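I opened my notebook to record what I looked up in this structure. My entries start with a question and then go through the parts one by one.

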Amino acid sequence: MRLRDLLEGMEYRVIQGDIDVEIKDIAYDSRNVKSGFLFVAMSGFMVDGHSFIGKAISNGAVAIITEKNFSVNEDICIIKMRDTRRKLATLSRRFFDYPDKEIVTIGITGTKGKTTTSWTIMKMLEDAGKSAGVIGTMGVFFKDKHYHTVNTSPESYDVYKYMREMIKEGIEYFIMEVSSQSLKLHRWEDMIFDYGIFTNLSLDHVGKDEHDSYAEYVYCKSLLFKQSRHGIFNLDDIEYKNMISEFKGDIHTYGVNEKADLRLVSCKNIIEPGFIGISMETSGIVNDSFKVSIPGNFNAYNMLCVISLGYLLNIDIDSIKKTLLHISVKGRLEPVNVSKKFNVLIDYAYQGIAMENVIKTIREAKPKRIVVVFGCGGNRSKQRRFDCGRIAGELADLSILTADNPRYEDNADIINDILSTLKPTGGEYIIIPDRKEAIKYSIVNAKEGDVIMILGKGHEDYQEIKGIRYPFDERVIIKEILDDLSDEERKRL
């Protein structure tokens, strides 16, 4: 594709070179540049891509798009334009020939529930005989393929590339968790979602490296609905009106509110041999009862969302029932088989509200003790640490404080922040900085009837320390712990 065609209709200035040059592919990371590539230099939060223009040229770039004045002696086309990160979205969409026009697109935004909702939607579609792919917190999944991603919503180039690959594989439905950061950075410039979904909103992602204020966070979330044809909204959420304030499409609602199109009539947690989950009854567009294999009243909202979309897509209700009865989501109250005397669950709850929800959910089962193993991520809002410390101290019987993803912070400082709100509650706690050792301690010292909740990482298979991601899949870690137990320790299980 010619660079001139990629740039059509965009504002730019040619600093040097020929815009009729042929472009084989696009890269925003100089390490991925090959002969014939266009390199888009972006000013990042941690790294400035303009510093790697020389590397991109040496790797074979034939054209550079930059925000800054820049010239080189090589016979390279250099284009200057504003906000190259935003423009990358337009360029990528064009390069991959507008793949969003060939597939049904479903975008999900909210503070909690995006992953559970997206995976349940994918399973619902597959159970109904349709094909679907998902991009989100756990990566990219379609058919038998899985690609790891760094962010909940990857860069626009990657999303359009994955979307085009999905279409080649015959995928009919594209589901994406849409983060507030990706909306803030306009990664989906010009893209229209067929269905935009709002789960809920609470104080999160506000801090130095994320959003400047809660108001900005709310606004960025609402941007999804400027780019959606149909909207499915949680009517009970306090931010509902802000989400629809500039929405021009069809509004569909769910919740307990009597005005909701799909209303939750009743919900209760149930525990049966080999099954833990909820039973729920609905009225409105769907009058029926459902049994869901994920515990927690808060998950009823996620399921209402799924049922609403299924209704709009004309999915058979019996098929939806089957999906909800057997659904399981990695890292979301995920059971791990360790002992018949006590239970071990892995969950992604990494901030206060999520932690409170999952602990209260399990408390309803009346376990002997709830033991929580958790830390908090570095270089994120400290409010999360304060909330998690207070909630763990108030609701858990024992807190084992350890590392999560300290990133560029000292883990001891993170733990001290957690302790600042945990100690005043009087809750029992111990500190074991090494996460594997903390998990081992919880297992070896478990009492009959306990529920051990390993919180914060969920589906993640790494631990991020000083910019390096080290392998750390808690399922693998638990297996290693069990394999290495002494005979005496094994007898306690």
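This is a predicted model: local features need pLDDT of at least 70, side-chain atom pairs count only at pLDDT 80 or more; totals for chains, interfaces and linings use all residues.

Are helix 3 and helix 5 roughly parallel or roughly antiparallel to each other?

Entry one, the two helices. I read that two packed helices are described by the angle between their axes and the distance between the axes. For helix 3 and helix 5 (residues 156-168), I found an angle of about 20 degrees and axes 8 Å apart. Angles under 35 degrees count as roughly parallel, and helix 3 and helix 5 are therefore roughly parallel to each other. I also looked up the crossing of helix 3 with helix 5, and it is right-handed.

Entry two, the contact. From helix 3, I listed Leu88, Ala89, Ser92 and Arg93; they meet Ser156, Tyr157 and Tyr160 of helix 5. I sorted the residues of this contact into four nonpolar, two polar and one charged.

I found an open sheet of five strands in the order 1-5-4-3-2, and its pairing is mixed. Strand 1 (13-16) and strand 2 (25-27) are at the edges with a single partner strand each, so one side of each has no neighbour in the sheet. On average, neighbouring strands of this sheet are turned by 25 degrees against each other, direction ignored.

Strand 2 pairs with strand 3 (residues 37-40) in the parallel sense, over three bridges. I traced Ile26 to its bridge partner in strand 3, Leu38.

Terms used: Residues are numbered from 1 along each chain as its sequence is written. Side-chain values use heavy atoms; hydrogens and water are left out. Two strands pair if DSSP finds at least two bridges between them. Helices (H or I, at least four residues) and strands (E, at least two) are DSSP runs, numbered from the N terminus. Axes are lines fitted to C-alpha atoms, for helices over the stretch in contact, and angles run from 0 to 180 degrees between N-to-C directions. Angles under 35 degrees count as roughly parallel, over 145 as roughly antiparallel, 65 to 115 as roughly perpendicular and the rest as oblique. A crossing is left-handed if the near helix is turned anticlockwise from the far one by less than a right angle, and right-handed if clockwise. Contact means heavy atoms within 4.5 Å. Ala, Val, Leu, Ile, Met, Phe, Trp, Tyr, Cys and Pro count as nonpolar, Asp, Glu, Lys and Arg as charged, and the others, Gly among them, as polar.
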